[in-house]
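Here is a short report on one protein model. It covers the overall fold, the cores, the surface and the salt bridges.

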Amino acid sequence: MRLPDLSRFGGLTVPALPEGLTTRARDLREQTRPAWSPVAGFLRWISPLGWAVLALGVAGWVVGRATGWTEWLMIGAAALVLVLCCVLLAIGRTRVTIATELEPVRVSVGEPATGRITVTNDSPRGMLPLLVELPVGVSAARFTLPPLGSGKAHEELFVVPTHRRGVIPVGPARTVQGDPLGLVRRTERWTDVTDLYVHPRTVSLESLGAGLLRDLEGETTQDLSMSDLAFHALREYQPGDDRRYIHWRSSAKAGRLLVRQFLDTRRSHLCIVVDADPEQFEGGEDEAEIAISAAASLALRAIRDDQDTTIVCRDQAASRTTALLTLDALARVELGSSDVFGRCTEAFALAPDTSIVVLITGPRRPFIEAQRALAQFELEVNKVVLTIDAMEETGVQHLGGLTRLNIRRIQDLRAVLASGALV
């Protein structure tokens, strides 16, 4: 980094700083780290309240010495002695083993998730009561351990709230040594962070149907192909045809070259794009969560039907993977503005062999934007727009070459699909 030239500042001539000053300062800091690092670590023990009491003690002592007031000297001395006593309480090595366990590590919204923390005293002597903190999401669980003898263990249970979809970090577990007043606080980290995945709520769906997607196990299209598995008919040879598909026996009988013609068969592939922008839903974040739940329900059903599945939602994507990893990706989604055109572009790049694409959005998203986004997929791809709108009746519409579905709540998805809307 080049430092600014300070050779002329305010009419004064100042020597320019050397360009290597920053590098030299960094090198000096690294060389002196063994000397100042323990001091910096010790100073971090003192809390803001402790610094305030320490400043009061120094100020009282200075004022008392300057004015000769005994009262100020007593206040300063008391504050300094108090801080010193609190520091002494934080000194000492803690020899424990802490283990945390979550069961299970993947749950759906509303399902119970419990954990266990076990603390074992590894010291040859008994241990005084100790405070253990375990961060859980944005909050923290605090446990005050009873006195433990050498080799003894203590176990505490805790519950993780799962009322919202997301990934909840649990840990690291820390021991806290200090004083009851909170002037000095010394923490030590003992465990790593464990992620609890809270998956979106889903509903069970009937099989999406053999007519929905084309599959190699017998489902064919009406598209003709010169190279596939499903034989259709014979036709006369034309220049450019692959000679490997000439049917020689039929050609000998007909007196002219005949080639095989096939019906195109393709592997089933369901592609789901989720618009996770709360501004596009009348119900805000609640309806955006319903959109994610609908996507999870469709993806689970398709994966259980052994169909390839791709799902794209904001910065998260999962393609041709397991149900658990798909739900993990949806759990990591954070609601916010979303570019559906860009997300559909990403989905098409991940799944160019898509046979049906579903865009899940809200009623505030202009229909023309949904059309433009889905137009990136091939013409033969079945295109569906699923909207979440509690103010509109549940139903099916066919508009502009697209199938438009509307549901009010996640339970309505089963009824809409049962009507054959995606077939």
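## Salt bridges and packing

Arg-364 counts as partly exposed, because its relative accessibility is 41%. Here buried means under 20% relative accessible area, exposed over 50%, and partly exposed in between (1.4 Å probe, protein chains only). The model is predicted: local features need pLDDT of at least 70, side-chain atom pairs count only at pLDDT 80 or more, and totals for chains, interfaces and linings use all residues. Residues are numbered from 1 along each chain as its sequence is written, and side-chain values use heavy atoms, with hydrogens and water left out.

Arg-364 pairs with Glu-282 in a salt bridge, meaning a side-chain nitrogen of Lys or Arg within 4 Å of a carboxyl oxygen of Asp or Glu. Arg-364 sits in the loop between S19 and helix H9 (367-374) and Glu-282 in the loop between S16 and H6, so the bridge ties together parts 82 residues apart in sequence. Helices (H or I, at least four residues) and strands (E, at least two) are DSSP runs, numbered from the N terminus. Glu-282 is partly exposed, at 43% relative accessible area.

A search of the whole structure finds 18 salt bridges. Three of them are tabulated here.

| Pair | Closest N to O distance |
|---|---|
| Arg-364 and Glu-282 | 3.2 Å |

Arg-320 lies in the loop between S18 and H7, and Asp-353 in the loop between helix H8 (340-350) and S19, so their bridge ties together parts 33 residues apart in sequence. Arg-320 is partly exposed at 42% relative accessibility. Asp-353 is partly exposed at 30%.

Glu-101, Arg-116 and Glu-155 are linked in a network of salt bridges. Arg-116 is partly exposed at 30% relative accessibility, and Glu-101 is partly exposed at 42%.

Now the fold as a whole. The protein has 10 helices and 22 strands. Of its 423 residues, 41% count as buried. Contact means heavy atoms within 4.5 Å. Among contacts between residues at least 6 apart in sequence, 65% join residues at least 24 apart.

The largest nonpolar core has 38 residues. Such a core is a set of buried Ala, Val, Leu, Ile, Met, Phe, Trp, Tyr and Cys residues joined through side-chain atoms within 4.5 Å. Ile-272, Leu-298, Ile-360, Leu-386 and Leu-413 touch the most other members. H6 gives the most to this core, with 11 residues. Leu-298 touches residues including Leu-205, Ile-272, Ile-360 and Leu-417, not counting residues up to four places away in sequence. Apart from this core lies another, of 24 residues, among them Ala-113 and Ile-168.

H7 has buried residues including Thr-326, Leu-327 and Asp-328. The buried residues of H7 pack against elements including H6, S17 and strand S18 (316-319).

The surface has a nonpolar patch of Leu-56, Val-63, Trp-69, Trp-72 and Ile-75, with about 460 Å² of accessible area together. Patches are made of residues with over 30% relative accessible area and no salt bridge: like charges are joined within 9 Å, nonpolar side chains (Val, Leu, Ile, Met, Phe, Trp, Tyr) within 5 Å. Areas come from the Shrake-Rupley method with a 1.4 Å probe; for residues, only the protein chains shown count as cover. Helix H3 (48-67) and helix H4 (70-90) each give two or more residues to the patch. Val-63, in helix H3, is partly exposed at 32% relative accessibility.
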